[in-house]
Amino acid sequence: MKTRTRPLLGDWEWQAEAACRGMDSSVFFSPAGERGPARRRREETAREICRSCPVSDPCARFAQASQQYYGTWGGYTETERRAAARVRNRK
Ligand code: SF4
């Protein structure tokens, strides 16, 4: 009988090197009702951390593959990921 289980560690190993490891997640996820300049400032802070992150590529791929709806992952905000998904879905 074939099994569909597979080792999962490889899916998560990249997180050990994450620049955001141990940081407050509120930098990457917006609080309810956040808008305008406050949102832009928080997202730019998150992007800046992601730019220095050695695992930004696997992080961005993970967010895309698992369809993360919220937060900044791999330097991409949720708005940017949704826009990219719309473009991909049109093809
Ligand atoms: S790319 Fe950004 S969100 Fe992803 S692990 Fe690195 S610091 Fe964290």
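What is the volume of the second largest pocket? The close-ups below take up that question and a few others, all within a predicted model.

**Close-up 1. The second largest pocket has a volume of about 280 Å³.** Cys-20, Phe-28, Cys-59, Thr-72 and Trp-73 are the closest to its centre, out of 19 residues that line this pocket. Helices H2 (36-51) and H3 each give two or more residues to the lining. Sorted by class, the lining residues of the second largest pocket are 13 nonpolar, five polar and one charged.

Close-up 2. Around the ligand you will find Trp-14, Ala-18, Ala-19, Cys-20 and Phe-28, along with Ile-49, Cys-50, Cys-53, Ser-56, Cys-59, Thr-72 and Gly-74. At least two residues of this shell are supplied by H2, and at least two by H3. The shell around the ligand has nine nonpolar and three polar residues, with no charged ones.

**Close-up 3. The largest pocket has a volume of about 370 Å³.** Its lining is made up of 17 residues, and Gln-64, Arg-81, Arg-82, Ala-85 and Arg-88 lie nearest the centre. Two or more lining residues come from each of helix H3 (56-65) and helix H4 (78-90).

**Close-up 4. A second look at the lining of the largest pocket, with helix H4 in focus.** H4 gives the largest share of this lining, eight residues. Seven nonpolar, four polar and six charged residues line the largest pocket.

Notes:
Residues numbered from 1 in each chain as written. Predicted model: local features only at pLDDT ≥ 70, side-chain atom pairs only at ≥ 80, totals over all residues. Heavy atoms only, no water. 1 Å grid on protein atoms, 1.4 Å probe; cavity = no way out; pocket = protein on both sides within 12 Å on 5 of 7 lines; lining within 4 Å. Points joined across faces, edges and corners; volume = space filled by probe spheres on them. Helix = DSSP H or I, 4+ residues; strand = E, 2+ residues; numbered from the N terminus. Nonpolar A, V, L, I, M, F, W, Y, C, P; charged D, E, K, R; others polar. Near = heavy atom within 4 Å.
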